[in-house]
Amino acid sequence: MLSGKNILLCVSGGIAAYKMADVASMLVKLNADVHVCMTENATKFIPAETFSVLTKNKVYTDVFDETPDDYINVPHISLGTSADCILVAPATANIIGKIANGIADDMVSTTVLPARCPILIAPSMNVYMFENPIVQDNIEKLKRFGYKIIEPASGHLACGYDGKGKLPSPETLVECVVYETAEEKDMKGKKVLVNAGPTRESLDPVRFITNHSSGKMGFAVAKAAANRGADVTLVTGPVSLETPVGVNRIDIESASDMYEEMTKAAAESDIIIMSAAVADYTPNEVADNKIKKSDGNLAIDLKRTQDILKTIGEVKKEGQIIVGFSMETENLLENSRKKLISKNADMICANSLKTPGAGYQVDTNIITLITKDDEEELPLMSKYDAAKKILDKVLTLA
Ligand code: CTP
């Protein structure tokens, strides 16, 4: 995901510095060329050697440590200026104050100063230090100058206090770097509405009807669109997936909740991608109390839900692109072509539950992209890569 990208980690002296070994390792696994510079204090929490072994690159801790070989490249300048993205984490109150005020008196503050790439700053400190108006003022100043602040998490802090100030998990930090750098921002300015996951149709206070959708395909579409710079809203049924960085998430339960949220947001959207497995039927009546068993069989009366894609397709606005999914177990292409026409969609992403590697729960998919003019069968690939292909095709239709 980060092939060819140069990521610079700037580690300052907070207890959470040890978490940065995981961050470095995860970025290396995504094929990034990872460089690290540290303050002297950071080396008291984690040795520089840990990072040099993980990244296979020399780690710099002191501007005056530069060897004669380094004079050609001048690391405190070249490290920052050659990076595609810089992550300052953990960022102590001290390093935040220095960067916000143009002070350059250690390896990290000196290296950040000449950099022109996106700079992410992850504050990590005691809750009262974080809430101190001087620190907050410095953070606001950094935001005004275009630095991106990764909000600290709340929880039990190493100093013994409970509150806001924890360095977010390595996974979150890596996701923030991926969001900044993984893709060209070719969807900037586009409003994208995506839906995902199953719906739940209640029978009584205890039971509901649902399906096997995991939401993975829709979340991959939302993530790929956000990584490409789009303004993304994701309406999702109950799933156990993390919200992708930069995505505005709306949680719903039933097909009728999904209908409400999607029709509300659709008019404002340039691109609508509907991957949710919306229930076609819902119980005619929801029992107020738990339905008790009896000796005989039980029949449940179901009524049709509204077809959201069809409704949105009927009022499609000029220039809007609408994409549906089609999940079939037989006659995949024939049935999907019918949905393209009957729902007035610009594209249907057809996938068969019977093909190994495709369908619910798994991380891969095999999709055929069907438009009025052509059909493109994609090979087996990750849902994220499939999402990128869907977006590539959408951009040719726009
Ligand atoms: N869809 C929808 N509202 C529904 C049912 C489906 O918006 N009540 C959307 C899905 O999100 C998907 C597309 O319609 O983008 C096709 O869904 P699919 O389940 O494959 O087909 P259905 O239209 O439900 O038809 P059938 O179940 O008969 O295959």
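Helix α10 gives the most to the lining of the second largest pocket, contributing 4 residues. The model is a predicted one, and the second largest pocket has a volume of about 600 Å³. The largest pocket holds about 770 Å³ of space, and α10 (216–227) is among the elements that supply at least two residues of its lining. The protein chain as a whole has 14 helices and 21 strands.

**Second largest pocket**

- The lining of the second largest pocket consists of 18 residues, and those nearest the centre are Glu 175, Phe 219, Lys 223, Glu 242 and Pro 244.
- At least two lining residues each come from α9 (170–181), α10 and α14 (383–397).
- By class, the lining of the second largest pocket comprises 7 nonpolar, 4 polar and 7 charged residues.
- Lys 223, one of the residues nearest the centre of this pocket, also lies over the face of Tyr 384, at 5.6 Å from the ring centre.

**Largest pocket**

- The largest pocket is lined by 37 residues, with Ala 276, Ala 277, Val 278, Phe 325 and Met 327 lying nearest its centre.
- Three elements, α10, α12 (308–314) and β16 (321–328), each provide at least two residues of this lining.
- Strand β16 accounts for the largest share of the lining of the largest pocket, with 4 residues.
- The lining of the largest pocket divides into 14 nonpolar, 17 polar and 6 charged residues.

**Aromatic and charge–ring contacts**

- A search of the whole structure returns 1 aromatic pair.
- The pair is edge-to-face because the ring planes of Tyr 128 and Tyr 161 stand at 75°, with the ring centres 5.2 Å apart; an angle over 60 degrees is required for that class.
- The pair links distant parts of the chain: Tyr 128 belongs to helix α7 (residues 127–131), Tyr 161 belongs to the loop between β6 (153–156) and β7 (162–166), and the two are 33 residues apart.
- Tyr 128 is exposed, with a relative accessible area of 52%, whereas Tyr 161 counts as partly exposed at 38% relative accessibility.
- Besides the contact of Lys 223 with Tyr 384, the charged end of Lys 185 sits over the ring of Tyr 179, 5.6 Å from the ring centre.

**Backbone geometry**

- The peptide bond joining Ala 89 and Pro 90 is cis, with omega of about -10°.
- Pro 90 is located in strand β3 (residues 85–91).
- Lys 56, which is not a glycine, has a positive phi of about 65°.
- Lys 56 is placed in the loop between α2 (48–55) and α3 (70–73), and counts as exposed at 68% relative accessibility.
- Asn 331 likewise has a positive phi, near 45°, in a residue other than glycine.
- The position of Asn 331 is in the loop between β16 and α13 (332–342), and Asn 331 counts as partly exposed at 46% relative accessibility.

- Of the 398 residues in the protein chain, 49% are buried.
- The C-alpha atoms of the protein chain fill a box of roughly 80 × 50 × 40 Å along the principal axes.
- Among contacts between residues at least 6 apart in sequence, 66% join residues at least 24 apart.

Notes: Residues are numbered from 1 along each chain as its sequence is written. This is a predicted model: local features need pLDDT of at least 70, side-chain atom pairs count only at pLDDT 80 or more; totals for chains, interfaces and linings use all residues. Side-chain values use heavy atoms; hydrogens and water are left out. On a 1 Å grid over the protein atoms alone, a cavity is a set of points where a 1.4 Å probe fits but cannot get out, and a pocket is an open set with protein on both sides within 12 Å along at least five of seven lines; lining residues have an atom within 4 Å of a point. Grid points are joined across faces, edges and corners, and a volume is the space filled by probe spheres set on the points. Ala, Val, Leu, Ile, Met, Phe, Trp, Tyr, Cys and Pro count as nonpolar, Asp, Glu, Lys and Arg as charged, and the others, Gly among them, as polar. Rings of Phe, Tyr and Trp (its six-membered ring) pair if their centres lie within 6.5 Å; planes under 30 degrees apart count as stacked, over 60 as edge-to-face and the rest as tilted. Buried means under 20% relative accessible area, exposed over 50%, partly exposed in between (1.4 Å probe, protein chains only). A charge sits over a ring if NZ of Lys or CZ of Arg is within 6 Å of the ring centre and within 35 degrees of the ring normal. Contact means heavy atoms within 4.5 Å.
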